[in-house]
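Subject: Handover of a structure and the findings from it

Dear colleague,

I am handing over to you the structure shown below, together with an account of what was found in it. Please read the notes that follow with the structure open beside them.

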Amino acid sequence: MASERIENLVRQMTLEEKAAQMVQIPYAQTGREESLRWAKMGAGSFLHVLGDDAREVQRAALSSRLGIPVLFGIDAVRGHALNDRATIFPTQLACACAWDREIAKDMGKVTAREVATDGLHWTFSPLLCLSRDARWGRVDETFGEDPYLTGELAAAIIEGYQGGDLASPESIAACAKHFIAYGEATGARDAYDSSVSCRKVREVFLPPFQKAVDAGCATFMTAYGSIDCTPLTADPHMLRDILRDEMGFQGFVVTDWSNVTSLVRNQRVAKDADEASLLAALAGNDMMMNSPEFYESVIRLVKEGKLEEAVLDEAVRHILTVKERMGLFEQPEKTGKPGCIGCEEHQQIALNAARRSITLLKNNGILPLKKVKKIAVIGGNGDDIRAQYGDWTYFTHPEPIPGRQPVRPYTTVREGLEKLAAEKGIACEYAYGCGPVPSEKDDLDAAVKAAEGADAVILVVGDVVSQFGENRDRAELTLSGKQLELFALLRALQIPIVTVLLSSKPLVMGTIPDETDALVAAFNGGAHGGQAVAEALFGLFNPSGRLPISFPRRTGQVPVYYNQLPGWHGGKYCDLPNTPQFVFGEGLSYTDFAYRDLTMDAETLTASVSVQNVGKEAGLETVQVYFRDCVSSVITPVKNLIAFRQVALQPGESQRVTIQLNRSDFSLVNRQEQRVVEEGEFTLMVGRSSRDEDLLMVNFTL
Ligand code: GLC
């Protein structure tokens, strides 16, 4: 129910002002003059406008007849990274490796403070799509493959963004995107059709978004794609019946970029802008991102009696209510915390996130590096801050600016290792060797020469931004360029090799997993990713990352997410082992942990297990809790994550970990699309990863 102020405002608004309030204008693409014209007309929102430009737009808006403040949105999805002075965090995928709600919340808090200090109100984050096929271009932006982990981290970052009070100077509105099942398109093709049933949407893809609603997320974003050939932008069942009526969403819905235009141009479910605008308005989209034609169309539709003005009134109420909750009518410009953008406190929080994201996948004892006199650091991604950042920074958005120079502080892997090596009196030589894409800099011979005589080689492999992101899905996930060839040449030297994967997603790594002496997944670690890698390799901290996503052995093996369904004849491809290269939840440590005495009280639904640090280093263990419904009315996954706890243990220390579960944790969505718990036998599994061999299991009956 809108407030009296909002109802009063809606009553005063003309049809034209209502239509303008539903329009979101991209400042960078629209330009200053046209943007100011839209602001004076009462456009509801602008995106990707910073600093003084934003302040000028706001002044223009406040000078309009009703002076309704503009809402400024931006893709601050891994820190306020479109601003080159801001704190640049690891990507969501890298942060998800920490399995830590506080890390996600702190990233949200710092991002909100910096976005607000730039006078902006709203971030198009978090992204809640699930990465179940790594060929998709946007895996880096997700929290990985699992609904439970994604939902937990999403709720945490939303709390960080929004705080307890949206009107606080340091809070910004969050945006749960992209609703819904955007990452599940056939063939992992960006914005393409998903063939998932509504039942499966409810069982797999909806739970993280429900947690976003429950966390009070102020806005949602409609996905580009379609489900069973109905575009989400034109789907009132998803946007009204499910999102609002069932899930209880109270904020406003913004479409993704030009979704209304796309109904005509790409998806061809509307013959012109008027038809597209009618579909979008009736479906429950409140604000249209970068489809300015919507303005004229929707005015015409109302005047021609094809659309009730009440539909616009409802959308405008949703938008104005969020603006009111943000206190914009009293304070149109966010003030944030002056001087905080890029400050040392924030950099330390980002460095901590980068450290916690480091995931050790193999170690034959070479790590942490000791007794080395010379190391060789090899590989283009080892000294390329653009590759280390990945997507959604000032290098890539709102528009890539050729020749744009990086702004300190940041540390590449090479720089991090050179610094620590110098402090330890260790020689450190760098050679480019090759990068993920062919370059005139490629020189494998020089790399081999640099490695000769070293006590250890650190080879950094991965991908670059031209190989992922929107519209950039990959048909082949194998390490590209000459990276595998470079590994083989270095391997032939018989020098211990530490391979570091600095990439946007899981990649297929040929013989590397079997032949490298150690393997570290760093993904896109942000400004301090290189320092975190270097410190982990030298043992300045004990890596504790756990994979939020599975790694295929070959591209053709996807999807390899852990919560597979039973029933596959043979359970494997005839030319591959039946397991992923690395599994969800996997990660090693410089110490080791032992699990024993798992119990499950079926009455109280309390699970308990003893975890002991049986190694020589202090370490952080992520205790993972999965379940299987032994017999169910629909086929259910071989396991599903339902809880996790982290325990810090000193060498030799043991702790009894008790996890209180709820009956609803063991639910499924039945054929009638109802979420129910079916009585019968269940298996509870607790351990260090989703691999059966890593799990203690106990059966119980509900
Ligand atoms: C993009 C993305 C979306 C982003 C929006 C604004 O196309 O799909 O995630 O928030 O447009 O930049």
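In which loop does F523 lie? F523 is found in the loop between β17 (518–521) and α21. Please bear in mind throughout that this is a predicted model.

Backbone features

F523 is not a glycine, yet its phi is positive, at about 50 degrees. With a relative accessible area of 1%, F523 counts as buried, because the limit for that term is under 20%. S258 is a further residue that has a positive phi without being a glycine, here of about 60 degrees. The loop that holds S258 runs between β10 (252–255) and α11 (259–265), and S258 is buried at 15% relative accessibility. These cases deserve a look because most residues other than glycine have a negative phi, and most peptide bonds are trans.

One joins F179 and I180, with omega at about 5 degrees; I180 belongs to the loop between β5 (175–179) and β6 (193–194). Another joins H397 and P398, with omega at about 0 degrees, and P398 sits in the loop between α16 (385–389) and α17 (413–424).

The ligand and its surroundings

Which residues come nearest to the ligand? There are 14 residues around the ligand, and D75, K177, H178, Y224 and D256 come nearest. The shell consists of seven nonpolar, two polar and five charged residues. Y224 places a polar side-chain atom 2.3 Å from an oxygen atom of the ligand. For D256, a side-chain N or O atom is 2.6 Å from a ligand oxygen atom, and for R138 a polar side-chain atom lies 2.8 Å from an oxygen atom of the ligand. On its own the ligand has 310 Å² of accessible area, and the protein covers 97% of that area.

Nonpolar cores

In soluble globular proteins, nonpolar side chains tend to be buried together. In this model the largest nonpolar core has 194 residues. Those with the most contacts inside this core are F46, I180, F220, I378, L661, F666 and L684. Leaving out residues up to four places away in sequence, L684 touches L598, M600, A607, V625, Y626, I642, L661, F666, L696, M697, V698 and F700. Another core lies apart from the largest one and has 35 residues, including I358, A532, A534 and F541.

Helix α13

Helix α13 spans residues 293–303, and F294, Y295, S297, V298, I299, L301 and V302 are buried in it. Among the elements that cover these buried residues are α2 (15–21), β1 (23–26), α4 (32–41), α12 (273–283), β11 (288–289) and α14 (309–325). Just after α13, G305 has a positive phi of about 75 degrees.

Individual residues

E535 is part of helix α21, which covers residues 529–537. Is E535 buried or exposed? E535 is buried, because its relative accessible area of 8% falls under 20%. The side chains of E535 and R355 are joined by a polar contact of 2.5 Å. Setting aside neighbours within four places in sequence, E535 is in contact with R355, L420, L540 and F541. F541 is also one of the residues of the 35-residue core.

K105 is located in helix α7 (residues 101–117). K105 is buried as well, with a relative accessibility of 18%. Beyond residues up to four places away in sequence, K105 touches A156, I157, E159 and G160.

P651 lies in the loop between β21 (640–649) and β22 (654–660). Not counting residues up to four places away in sequence, P651 touches N613, G615, K616, E617 and A618. P651 and T591 are 60 residues apart along the chain, and their C-alpha atoms are separated by 7.9 Å.

With kind regards

Technical notes: Residues are numbered from 1 along each chain as its sequence is written. This is a predicted model: local features need pLDDT of at least 70, side-chain atom pairs count only at pLDDT 80 or more; totals for chains, interfaces and linings use all residues. Side-chain values use heavy atoms; hydrogens and water are left out. A nonpolar core is a set of buried Ala, Val, Leu, Ile, Met, Phe, Trp, Tyr and Cys residues joined through side-chain atoms within 4.5 Å. Buried means under 20% relative accessible area, exposed over 50%, partly exposed in between (1.4 Å probe, protein chains only). Contact means heavy atoms within 4.5 Å. Helices (H or I, at least four residues) and strands (E, at least two) are DSSP runs, numbered from the N terminus. A residue is near a molecule or strand if one of its heavy atoms lies within 4 Å of it. A polar contact is a pair of N or O atoms within 3.5 Å; within protein, one must be able to donate a hydrogen and the other to accept it, and residues adjacent in sequence count only if both atoms are side-chain atoms. Accessible areas come from the Shrake-Rupley method with a 1.4 Å probe; for residues, only the protein chains shown count as cover. Ala, Val, Leu, Ile, Met, Phe, Trp, Tyr, Cys and Pro count as nonpolar, Asp, Glu, Lys and Arg as charged, and the others, Gly among them, as polar.
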